Each structure stands twice: as C-alpha cells, then as structure tokens.
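Me: Please take a close look at one part of this model. Go through its packing, then move on to other contacts. Keep it brisk.

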Amino acid sequence: MRSMVPVRKIQEEHGIVGREHELALSLAVLESGRHVLFEGPVGVGKTTIALAVCRHLGRSTIRVDGDDRYSESKLTGWFDPPLVLKKGYCEDSFFPGPLARAMTEGAVLFINELNRMPETVQNVLLPALDERLLIVPRIGTVRAAWGFQVIATQNPVEYIATGHLSEALRDRFEHVRLDYQSAPEEVRITAAETGCQDELLLWRAVSVVRATRVHPRFKKGASVRAAIAMVAIAQRLVATGEEMNAALSTAARAALTTRTEAKDELGADVNVAIEEILATVLHSDLAQLQAGYGEPVAANAPKV
C-alpha cells in the first residue's frame with residue numbers, strides 16, 4: 001500500500017480536508033511522468049489539489065485559464081509586429097506562450113477549465129502531449145525538456161460554456177474524478193474557511209447546500225463555497241442583531257441564487273426551492289442534521 005505520509009503532509013501544508021484517495025492517485029500519476037485531467041463539479045477543489053501536489057513535488061507551474069476566446073497563438077507564442085519589421089521572423093521577435101515556455105523550462109503547464117477552450121486550441125496540445133514537441137512556424141521545433149507535464153481541469157459538459165474534449169485528447173491524460181465530499185468534511189471545510197465554531201450554524205448551512213444537489217427544482221446545485229458564504233454572511237448579520245434563523249435565511253438567498261440553476265420546467269423557481277429547503281433545515285436540530293436529516297430534504301418537496 002502506498003505510504004500516506006506524503007498525503008498527510010499535503011493536507012497539513014495546504015489545509016486540505018479529506019481527499020486522501022485523490023491526492024495519492026495524483027501523486028502517483030505525476031511521479032510516473034503522466035499528464036493529469038481533473039474532472040468534477042465547480043467548487044470541489046480541483047485547482048487546489050492540482051497546485052498543492054505540484055508544490056509538494058517542487059514543480060514550477062505555468063497557469064492558463066481557459067475560455068472560448070483563447071487563441072492558438074496565445075497558447076504557443078506570437079511574433080511581435082514591431083520587432084518583426086526591425087529584425088524579421090526570428091527568435092528575438094518571438095514571444096513564447098505558456099505551452100512553449102513550459103516545454104522549454106521543463107515545467108508543469110496547468111490549464112484551468114480546458115474544455116472551455118476552442119477545439120482548435122485544444123488540438124495544439126496533442127503533439128506536445130504525445131510526442132513532446134511543438135512546431136512553431138518560422139522558428140522550428142520546440143522539444144520538451146525533462147519534467148514537462150500538463151495538468152488540466154474540466155467541469156462537467158452540462159455546465160455553461162463547456163464542451164467535450166476530443167477522444168484523442170482525453171486519451172493522452174490520466175483521469176482523476178472529484179465528487180462532492182461528505183457532509184462532515186464539508187462542515188470542517190466551512191469551519192476552517194470562516195472560523196465559525198457554531199456547530200448548528202455550520203451544519204444547517206452545509207445541509208441547505210447539499211439539499212440543492214438533489215432537490216427536483218434544481219438543475220444544478222451549489223458547492224461548499226455557498227455554505228462558506230452563507231456562514232460568513234450570517235455571522236455578520238447576527239453580529240448586527242439579527243436573529244440566527246433569519247440571518248441564515250437571508251444569507252442563503254444571497255449565496256444560492258448565483259450558484260444554482262433551476263430546471264427549465266414551468267414552476268421550477270430557485271426562490272421557491274430555497275424556501276422549501278429552509279423550511280425543513282431550520283426546524284432540524286443538530287442531531288437530526290448530523291444523522292443526515294438535512295440531505296434528503298428534497299425528498300418531500302413537490303415534484304415539478
């Protein structure tokens with residue numbers, strides 16, 4: 001069995017709760033010289049784990065954030081027009097992009113949300129991943145130095161502005177799946193991020209968030225980020241004199257409206273769904289929530 005000492009060290013150094021399996025697998029993949037694709041919903045810690053593992057291994061990283069406007073030249077490199085007029089097409093007039101830099105430096109290229117990039121940009125990665133080379137017009141071939149690897153993350157394809165990776169591109173990666181964590185772990189994360197010591201508030205916030213993932217009115221539920229926001233806001237409202245349940249209700253509406261998505265069906269209203277969840281969670285005591293009473297809240301909600 002793989003020693004868990006490195007995993008525990010990463011957890012301690014980077015404040016990561018749980019994720020023992022994912023951390024151990026990520027270490028194994030990177031230490032074997034392979035490329036990694038982290039996949040999972042928004043807010044499950046894909047970027048945190050990827051960067052933490054790289055730092056633990058002492059690897060330098062070059063980060064790219066994917067979007068649909070990202071171009072091939074922005075990834076590989078470009079020629080500066082004034083310098084081209086002065087010196088022509090040569091290395092002095094060429095500015096290497098993140099991919100070319102990572103290859104020449106033997107660094108890790110970290111691509112956040114790879115499947116938001118256009119397919120033409122994704123295809124540029126294929127020879128770099130497969131043959132460890134990049135052909136730059138007028139410059140020649142860039143060969144990857146030892147240590148060059150690619151770590152990418154992607155959200156599920158049902159998320160807005162995301163698409164499918166090609167089969168050829170996926171074949172070059174090893175896959176690490178991250179799902180939502182357990183309720184106790186999400187409570188620990190929320191407590192660590194907010195400094196809150198009120199167990200009932202923490203469990204109620206996490207229970208509300210977890211209920212959005214199974215409620216029939218929601219197409220997409222919220223991550224633990226929403227629970228962190230709820231607790232932080234509720235604490236401030238309570239400090240100004242607002243009653244706890246009222247404060248949590250207000251905080252829930254503020255935190256969940258931007259982090260959830262209602263189904264397209266008639267009557268699938270986010271605000272109605274939030275009220276249904278709150279009506280159950282706010283009347284649950286700590287023992288009920290810890291026993292899982294807050295998770296199946298949606299089971300008693302009206303079908304839409």
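Reply: The buried residues of α2 pack against α1 (5–14), β1 (36–39), α3 (46–56), β8 (149–154) and β9 (174–177). Those buried residues are E22, L23, A24, S26, L27, V29 and L30. Buried means under 20% relative accessible area, exposed over 50%, and partly exposed in between (1.4 Å probe, protein chains only). Helices (H or I, at least four residues) and strands (E, at least two) are DSSP runs, numbered from the N terminus. Contact means heavy atoms within 4.5 Å.

The model is predicted: local features need pLDDT of at least 70, side-chain atom pairs count only at pLDDT 80 or more, and totals for chains, interfaces and linings use all residues. Residues are numbered from 1 along each chain as its sequence is written, and side-chain values use heavy atoms, with hydrogens and water left out.

Back to α2, residues 20–31. At 1.5 Å a residue, its twelve residues should span 16 Å, and the end C-alpha atoms are 16 Å apart, so the two agree. The expected span is 1.5 Å times one less than the number of residues. Just after α2, G33 takes a positive phi of about 85°.

Next, G66. It is found in the loop between β2 (61–65) and α4 (72–76). G66 counts as buried because its relative accessibility is 6%. Leaving aside neighbours within four places in sequence, G66 is in contact with N112, E113, R116 and M117. G66 and A152 are 86 residues apart along the chain, with their C-alpha atoms separated by 9.8 Å.

Now a helix pair. The axes of α9 (residues 183–194) and α11 (residues 224–239) come within 9 Å and cross at roughly 45°. Therefore α9 is oblique to α11. Axes are lines fitted to C-alpha atoms, for helices over the stretch in contact, and angles run from 0 to 180 degrees between N-to-C directions. Under 35 degrees is roughly parallel, over 145 roughly antiparallel, 65 to 115 roughly perpendicular, and the rest oblique. From α9, E186, I189, T190, E193 and T194 meet V224, A227, I228, V231, A232 and Q235 of α11.

Last, Q290, in helix α14 (residues 286–290). Q290 counts as partly exposed because its relative accessibility is 41%. Beyond its neighbours within four places in sequence, Q290 is in contact with E199 and W203. Q290 and W203 are 87 residues apart in sequence but 7.3 Å apart in space, C-alpha to C-alpha.
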